[in-house]
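Take a look at the structure below. Then follow this short report through its parts.

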Amino acid sequence: MTDRAPGVAGDPPIIAFESVTYAYPESAAPALREIDWRVAPGEFVTITGPSGSGKSTLLRCLNGLTPHFSGGTFDGAVTVAGHDTRRYTPRALARVTGFVFQDPEAQFVTSRVDDELAFGMEQLGVPPLTMRKRVEEVLDLLGIAALRDREIATLSGGERQRVAVAAALALQPEILALDEPTSQLDPWGAEEVLAALTRLNDDLGLTIVLAEHRLERVVSHADRLTLLDRAGHIASEGRPRDVLAGADPAILPALLALGRQLDWQPLPLTVKEGRAAQRRDAAVGRLPAPAPPDPPAATGPAIVALQRVSAGWGQRKVLREIDLEVRPGELVALMGRNGSGKTTLLRLVAGLHRPASGRVLLEGADTARLHPADIAQTTGYLPQNPSALFFAETLRDELAFTLKHKRGAVADPEVTLAALGLAHALERNPRDLSGGERERAALAAVLVGAPRVLLLDEPTRGMDAARKRALATTLAQLREEGVAILLATHDVELVAEVATRVVLIGDGRVVADGGPRAVLSGSLTFATAINKLYGGGFLTPDDILAGFGRDRWAGSDSIRADLARDDRITPHRMR
Amino acid sequence: MREPSRPLDPRAWLVWATAASVPPLVGRNPWPLLATLCAVLGVWGVWSAGAAGARWRPLLRLALLFGAVSVLFNLLTAHVGDLVIAELPEGWPIVGGPLTLNALIYGLLSAIAILSLVAVSATLGATLDWSVAIRLLPERMAPLAVAGSVAWSYLPRTTVALTEIREAQMARGYRPRGLRDAGPLVMPLLAGGLERAMITAEALEARAFGVPLSAEARPRSWQAALLLAGIVAALTGIFCVALGQMLAGAALLALALATLAAGLLSGRPAKGALRRTRYRDPVWERPEWIVSGVSAAVLAVQITLLVLDPAAFRYEPYPSLTAPAIDLPLLAALGFLLAPAAVRP
């Protein structure tokens with residue numbers, strides 16, 4: 001019922017930042033400003049903050065990549081396990097700090113899983129017997145023993161992420177730094193990785209520093225939470241419960257947001273704690289009115305129809321006999337494990353993948369007879385890797401590319417960028433943007449074409465809570481305008497907020513299809529935190545507040561106002 | 001004898017690749033070129049099944065395209081030879097003048113040479129276990145080897161990136177129309193490649209790649225000089241061979257081998273110094289003996305012929321088209337380049 005006890009508070013810090021200010025080359029504004037920060041040995045610290053607030057930069061200071069690799073202006077000092085990072089190179093600090101990058105694929109240097117785990121140890125001259133023992137240990141620790149002999153190219157995103165964590169752990173570092181390690185994982189995969197990290201922290205005393213947007217996943221695992229603001233300052237830090245009790249509602253996960261609204265004391269960090277608070281409420285008769293049922297399913301002609309579609313990659317069948325119809329104004333969330341076929345389904349609709357059998361119809365036309373460029377006149381497709389969308393020198397040119405090849409109605413580029421919080425980035429190279437900004441820039445490049453069918457593959461990856469809610473607002477607006485949206489995601493909270501329909505895919509087949517309350521409620525893996533507390537059809541904090549006859553949660557409005565202030569616009573429809 | 005999925009030891013593959021690369025590198029005689037191409041494609045056909053082969057197949061298609069371009073380029077720009085097949089107006093820049101059969105044939109032979117070399121590379125790419133190869137190299141060369149392996153892995157990754165970019169462009173309404181629309185592909189491909197290179201370099205740094213060895217193991221200046229001299233001798237030797245100075249070339253290559261070996265062996269770390277270790281011990285069994293032994297024999301035959309009878313490899317269709325020399329022992333020897341196909345279970 002309490003925050004996790006800090007590791008060994010009072011000991012000399014294993015990480016110490018002394019007045020660190022850092023600016024990237026050719027950047028006027030520092031990414032980090034006057035950071036004084038300490039971590040005790042054995043602590044589990046989570047760093048959070050808006051996109052571009054310097055979380056990754058701060059993490060990179062822990063192994064000297066900042067400033068040794070990135071250059072720029074570095075003032076102050078960072079000491080890790082007694083090593084001043086100004087004097088030691090990242091390769092020398094590899095013994096001290098294990099590092100897991102945001103994109104696991106980019107960090108692999110061999111082709112096989114066990115070779116990848118051994119790579120760092122070979123560089124450091126670890127004896128072969130010890131090496132083999134450690135490889136076995138980390139394989140078991142991360143639950144990936146079955147992957148030992150696999151080619152990395154054949155692994156799913158979640159499996160790759162766990163291999164990347166295992167490769168860092170194999171060096172037995174004193175500190176493990178992870179940059180959004182669960183951003184590409186489904187709920188099961190994320191929980192497995194976090195459980196493994198907690199075990200390492202508890203049993204081995206490993207110091208863990210983790211940057212993450214998705215607080216709902218990590219906050220209960222952390223001893224301490226450090227919150228950065230957009231200017232690169234530490235806005236607040238301390239025990240997660242204390243920091244979040246006073247934090248801007250915009251960054252709060254659903255459970256904490258509800259706790260704040262209902263004045264639960266102490267503020268619940270886990271569903272278990274929330275359930276205790278909810279039982280206390282129930283004991284005094286404080287129960288919400290039943291949640292309304294899902295609105296009736298949309299009717300009318302489908303704009304997208306999959307008829308007994310099977311598809312795969314080579315011999316491997318990914319989708320089997322799928323029947324699915326999507327109508328204008330519907331937002332259909334596609335959910336399922338990593339590798340369940342969500343991406344393949346989106347690619348089929350975009351015409352980038354041909355079905356092995358069955359038909360994909362777009363406005364009644366068989367997409368097999370259309371060129372993807374013609375299909376793109378109706379659809380907008382945001383792939384999982386947003387960087388693949390960027391060709392131009394500036395974001396302005398990027399949007400112009402879409403407009404040039406689009407016939408019919410289009411959106412205003414500047415309004416589109418402003419609505420996504422990117423008005424400031426119009427003349428910047430898209431590849432120079434932060435992870436979350438890139439995701440939004442890619443979305444802008446798609447939305448500016450005013451598609452009637454929007455296909456989004458994990459669009460909230462690397463996106464902070466405020467931007468995620470802004471995206472939810474944008475999607476709701478598009479839906480109201482009659483755009484049909486297919487959204488592949490693991491983000492149940494986003495789905496609960498925006499979806500009109502949820503399709504669960506398992507083993508390549510549709511295993512459930514219905515309204516979000518019907519499909520998500522009571523699900524062991526896809527239920528939201530709020531649903532786990534209240535059951536019924538309750539999915540979001542707003543459902544509960546409405547049940548108590550109270551106003552909507554203030555967080556959404558404060559976020560919209562905050563974003564509008566940032567971008568000097570008032571939120572409005574893009575078209 | 002060996003489990004079906006076990007790849008051959010990289011050293012065996014490298015000996016084979018060296019032997020298979022000699023004919024396309026040293027001459028344009030069509031008979032050894034065709035014999036080598038057939039043998040290499042035979043090995044590729046047997047060993048390229050599965051995902052690894054699929055990743056490298058686009059490279060072969062690309063080589064075919066470059067080969068076709070080279071034939072066309074040579075035909076249109078080399079206005080030399082005794083057999084004129086057509087004439088373009090003299091006033092046309094570069095391409096104006098007689099088009100000769102000689103130029104067409106030389107272009108074709110160059111295309112075969114290019115395709116052979118690319119097929120050797122693709123076979124290595126699909127079959128070579130680079131992590132094992134890296135571990136086999138002398139410790140001094142480990143950083144170079146890792147850099148090489150990363151660069152090597154970029155080839156298939158680049159084809160994947162190319163597909164991603166084309167798809168992303170089409171998904172935004174762009175319809176590529178062949179070579180003239182290659183421009184919009186090149187910049188994002190280069191930018192993406194550079195970005196990936198930076199991330200990979202960061203990851204290598206963060207994972208202790210190139211961590212300094214102990215002070216005792218650091219190379220002394222004379223060891224570095226030996227290595228440098230070896231590399232210079234090797235390059236000069238290759239140049240001499242290419243110019244037809246076979247004896248001088250062979251002598252320089254032998255000197256390079258000796259110098260490099262001396263430099264590398266003398267640079268071994270002192271006892272107790274930090275040394276890189278190997279996770280997996282290499283496997284060397286009968287198939288490796290067969291492939292490396294046969295390939296080494298083919299290589300020996302080629303070197304002997306290069307010294308004694310360079311015409312076996314050489315052919316010049318200019319200024320007059322003549323019949324190329326046929327060296328049956330050489331062609332028979334090149335047939336043994338099929339050895340890897342024979343030992344595949």
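How many bridges join E16(A) to strand E17 of chain A, and do the two run parallel or antiparallel? Four bridges join them, and the strands run parallel. This is a predicted model.

## A parallel pair in chain A

Strand E16 of chain A covers residues 379–382. Its partner, strand E17 of chain A, covers residues 453–457. One bridge pairing links A:Gly380 with A:Leu454 in E17(A).

Now look at where the residues of E16(A) point. A:Thr379 and A:Tyr381 point one way, while A:Gly380 and A:Leu382 point the other way. All of them are buried.

## Two open sheets in chain A

Strands of a sheet pair through backbone hydrogen bonds, either parallel or antiparallel. One open sheet of chain A has four strands in the order E2-E1-E4-E5, with antiparallel pairing. Its edge strands are E2 (32–39) and E5 (83–84), and each pairs on one side only. Strand E1 (residues 15–23) of chain A is joined to E2(A) by five bridges, in the antiparallel sense. Among the paired residues, A:Ala16 has A:Arg38 in E2(A) as its bridge partner.

Another open sheet of four strands in chain A has the order E12-E11-E14-E15, again with antiparallel pairing. Strand E12 (316–326) and strand E15 (365–366) of chain A each have a single partner strand, so one side of each is left without a neighbour in the sheet. Strand E14 (residues 357–362) of chain A pairs with E15(A) over two bridges, in the antiparallel sense. There, A:Leu361 stands opposite A:Asp366.

## Domains and buried helix residues

Chain A is divided into three parts: domain 1 (1–96 + 173–247), domain 2 (108–163) and domain 3 (330–347 + 373–567). The centres of domain 2 and domain 3 of chain A, taken over C-alpha atoms, are 34 Å apart.

Two helix residues of chain A deserve a visit. A:Gly158 lies in helix H6 (residues 157–169) of chain A. A:Gly158 counts as buried because its relative accessibility is 5%, under the 20% cut-off. Setting aside residues up to four places away in sequence, A:Gly158 touches A:Gln184, A:Leu185 and A:Asn338. A:Gly158 and A:Ser183 are 25 residues apart in sequence, with 9.3 Å from C-alpha to C-alpha.

A:Thr344 sits in helix H12 (residues 342–350) of chain A. A:Thr344 is also buried, with a relative accessible area of 5%. Leaving out residues up to four places away in sequence, A:Thr344 touches A:Ala311, A:Trp313, A:Val318, A:Leu319 and A:His353.

## Chain B and the interface

Chain B has twelve helices and two strands. From the N terminus, its elements run α-α-α-β-β-α-α-α-α-α-α-α-α-α. Of its 345 residues, 45% count as buried. Among contacts in chain B between residues at least 6 apart in sequence, 73% join residues at least 24 apart. The accessible surface of chain B is about 16700 Å², and 73% of that belongs to carbon and sulfur atoms.

About 4800 Å² is buried between chain A and chain B, with 54% from carbon and sulfur atoms. On the chain A side, A:Phe69, A:Arg91 and A:Gln123 lose the most area to chain B. Together they make up 15% of what that side buries.

## Backbone exceptions and cysteines

Most residues other than glycine have a negative phi, and most peptide bonds are trans. A:Ser19, in strand E1 of chain A, has a phi near 45 degrees. A:Ser19 is partly exposed at 33% relative accessibility. A:Gln172 has a positive phi of about 50 degrees. A:Gln172 lies in the loop between H6 and strand E7 (175–179) of chain A.

The bond from A:Thr66 to A:Pro67 is cis, with omega near 5 degrees. A:Pro67 lies in helix H2 (residues 65–68) of chain A. B:Tyr318 and B:Pro319 are also joined by a cis peptide bond, with omega about -10 degrees.

Last, the cysteines. A search of the whole structure finds zero disulfides over all chains. A:Cys61 is buried, with a relative accessible area of 0%, whereas B:Cys38 is exposed at 52%.

Notes
Residues are numbered from 1 along each chain as its sequence is written. Chains are lettered from A and ligands numbered from 1 in the order in which they are written. This is a predicted model: local features need pLDDT of at least 70, side-chain atom pairs count only at pLDDT 80 or more; totals for chains, interfaces and linings use all residues. Side-chain values use heavy atoms; hydrogens and water are left out. A disulfide is a pair of cysteine sulfur atoms within 2.5 Å. Buried means under 20% relative accessible area, exposed over 50%, partly exposed in between (1.4 Å probe, protein chains only). Contact means heavy atoms within 4.5 Å. Accessible areas come from the Shrake-Rupley method with a 1.4 Å probe; for residues, only the protein chains shown count as cover. Two strands pair if DSSP finds at least two bridges between them. Domain bounds come from an automatic or database domain assignment. Buried area is the accessible area (1.4 Å probe) that two parts lose on being put together, summed over both.
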